[in-house]
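Please look over the structure shown below before reading the notes that follow.

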Amino acid sequence: MIDFASLLPSILMMVAPILIAALGGMISEKAGVVNIALEGLMGIGAFTAATVHVLLEPVLPGWSLLIGVASGMVAGGLFSLIHAYASISLNADQVVSGTGINLLAVGIAVFLCQIIFHQDRTSAFQIGMTTDALGLYPTVWIALVVLLGVWFFLYKRPAGLRLRSCGENPQAAAAAGIDVRRLRYLAVMTSGLLGGLAGASLVLTETIQYSMSSINGQGFIALAAVSFGRWMPGGVAGAATLFGTSVALAISMVNVQDLRFLPPQFFSVVPYVLTILTLVLFSGKDFAPRAIGQPYEKGLR
Amino acid sequence: MPDKALPPKEKFDLIDLFTRSNGAVSLLVIALGFVFGSLFILLVGRDPVNMFSALLQVVTGWDSSRGVWNARYIGEWFVASMPLVLCGLSMAFAARTGLFNIGAEGQYIAGLTAAQFVALLFPPIPGLHWLVCVLAGLLAGAAWGGIAGWLKAKYTVSEVVTTIMLNYIALYVSQWLTHAFAPGANTYRTKAYPATSLLANPWIEDLTNGSRLGNGLWFMLLSVLVFWFIIDRTRLGFSLRATGFNKEAARASGIKVQSAITTSMVISGAFAGLAGVIVSMGSFSYGRVLPGMENYGFNGIAVALVGNVTAIGSLLAGLLFGMLNSAQPLMQSREIPKEITWIIFGLVVVFISFRNGFKLLADWRAKQRTKS
């Protein structure tokens, strides 16, 4: 059998960034704005965090990690403003601006690597995040805190209810005195901050530098986790755990004797296939926020 | 009738121009993309002139720094443009039916993989072999696109999500199939293709001083024609466009909306599949275990949007982006990081997403006028 206990720390390491990004994507979609830019936001967060950490490591040992993570979040937040402005202020097609960010993010990240480090990736940092007594990275606990925070905000706070109403029926929300555009802006920016945090978490635990293959579809896996988890915090957490496990197994399966009979790409494909299958399976039921993807125009009914 | 509602034209008006003319918006976003790209290069202390001289060299073949002319650059420009034009057509065709096909990348991979296997396994009959490769690629791309279309038509599953998922499924399945089953495969390539499977054309090769441009060119041009013909000249194209404009109205007037959605994705996927064949049989002499996404599909989204989802627009935009792509090595040798081209692609798409601003501006101005 597979020794899951010994794999657990590395599985949770992979789950954390996917979960954080997926929760951000969920908040944005709950407010009615699709965010297919998670991949790009994670990329820009990962690049910024790695760069800041590499540059500050010799100067501010101990603090550079924290500053790196914070700057990754800020970078993700700033990038998401492009998406927010296009899709909320200008009522643009939300898929188009998301695609633009995905293209732009990897371009800017690698371009700046070439300028700063004279290669197509950042230099390697000495030490990334370190594990605690349980063998877990701090990102696991961060993901847990974000999960609880998002759940508490969305389902236990009035502001969370208002945010969700913007994604269900923005016209009714506006009639009830809610500033739909402002809440949608906040939701998209939160997904940007969390996307950046996810990218930073990924690069500082799973690798030693940022390169254009660092994210490698994990932002899209996070996007899949939102639909697979049926737009609920618990569901998304379950989906992210399943998908993260799959990603971890895809990497470590070569060392597991019992899994050698499978094609090596088997676990890489699992998240994507499962997502399509569940979308088909639950196609009749409305789990998605009702106004998802629709721009909010005043005066429309 | 919207023209009559507008106040009479007094003078040339920019906002009017940009709300009415798609072509004007395309030129504007391209110009903005290059302006911001150049500013970005300046910002990091490099000289944007180097980027433009590289682009000039790609388009004309004239190397201004050494004073020599080499037609190979022009050939390679077309080599870089062909898959972009085809993936642009793929995205654009689906968009005319109101579908957002982010899956050209996966359909491209499906086409490429099928063609690779046919090239290596089909008997090397001159004249027939490469044709079967092209057909296999077309069919595989069409099937991969058709899956997303069918799921949308039958189960109302968002094609945006399924095509993204299918991209990665295609990549990993292609890696597995090629590595495990293709003749002579190691971790990154197969054995060489038989010459009968290649799209090489000695005449074009001669004309372009030994570039990799070959018979793929005819297929690309034919595809542009086919796109235009289906969309603008056939009953099928009409029903596809009607579905894109207003699904309910189309349904009410007797158009089979569900089959229109599937058909549209099938044809859309065929374009991208053809791109896969042209890259594999045109630019390579052996099958590959793809290390990752090749990004033609994603860049095709930019191509289609800049080309206003038309046949001729995708052709022109594809040539523009192909020019940027094929200038990458020249830029790199002139101290401009080649990723500037991705930045310009991204900027162009971002600016396109801002275009609705012109409409909002026009609405606002009309309101101001009625007030005063």
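Which residue forms a salt bridge with Lys359(B)? The partner is Asp363(B), and the closest N and O atoms of the pair are 3.8 Å apart, where a salt bridge is a side-chain nitrogen of Lys or Arg within 4 Å of a carboxyl oxygen of Asp or Glu. This is a predicted model, in which local features need pLDDT of at least 70 and side-chain atom pairs count only at pLDDT 80 or more, whereas totals for chains, interfaces and linings use all residues. Residues are numbered from 1 along each chain as its sequence is written, chains are lettered from A and ligands numbered from 1 in the order in which they are written, and side-chain values use heavy atoms, with hydrogens and water left out.

- Asp16(B) counts as buried at 12% relative accessibility, and a network of salt bridges links Asp13(B), Asp16(B), Arg20(B) and Arg365(B).
- Glu76(B) forms a salt bridge with Arg212(B), the closest N and O atoms being 2.7 Å apart, and the pair joins helix α5 (residues 72-96) of chain B to the loop between α9 (202-207) and α10 (216-233) of chain B, across 136 residues.
- Within that pair, Glu76(B) counts as buried at 17% relative accessibility, whereas Arg212(B) is partly exposed at 43%.
- Over all chains, the count comes to 11 salt bridges.

**Where chain A meets chain B**

- In chain A, 46 residues are in contact with 44 residues of chain B, contact meaning heavy atoms within 4.5 Å.
- The two chains bury about 3900 Å² between them, 81% of it on carbon and sulfur atoms; buried area is the accessible area (1.4 Å probe) that two parts lose on being put together, summed over both.
- Between chain A and chain B there are zero salt bridges, while four residue pairs are in polar contact, both residues at pLDDT 80 or more; a polar contact is a pair of N or O atoms within 3.5 Å, and within protein one must be able to donate a hydrogen and the other to accept it, with residues adjacent in sequence counting only if both atoms are side-chain atoms.
- On the side of chain A that touches chain B, α4(A) gives the most, with 16 residues.

**Glu339(B)**

- Glu339(B) lies in the loop between α16 (328-333) and α17 (340-353) of chain B, and counts as buried at 1% relative accessibility.
- The side chain of Glu339(B) makes a polar contact with the side chain of Gln114(A) at 2.8 Å.
- Leaving aside residues up to four places away in sequence, Glu339(B) touches Gly107(A), Val110(A), Phe111(A) and Gln114(A).

Conventions:
Helices (H or I, at least four residues) and strands (E, at least two) are DSSP runs, numbered from the N terminus. Buried means under 20% relative accessible area, exposed over 50%, partly exposed in between (1.4 Å probe, protein chains only).
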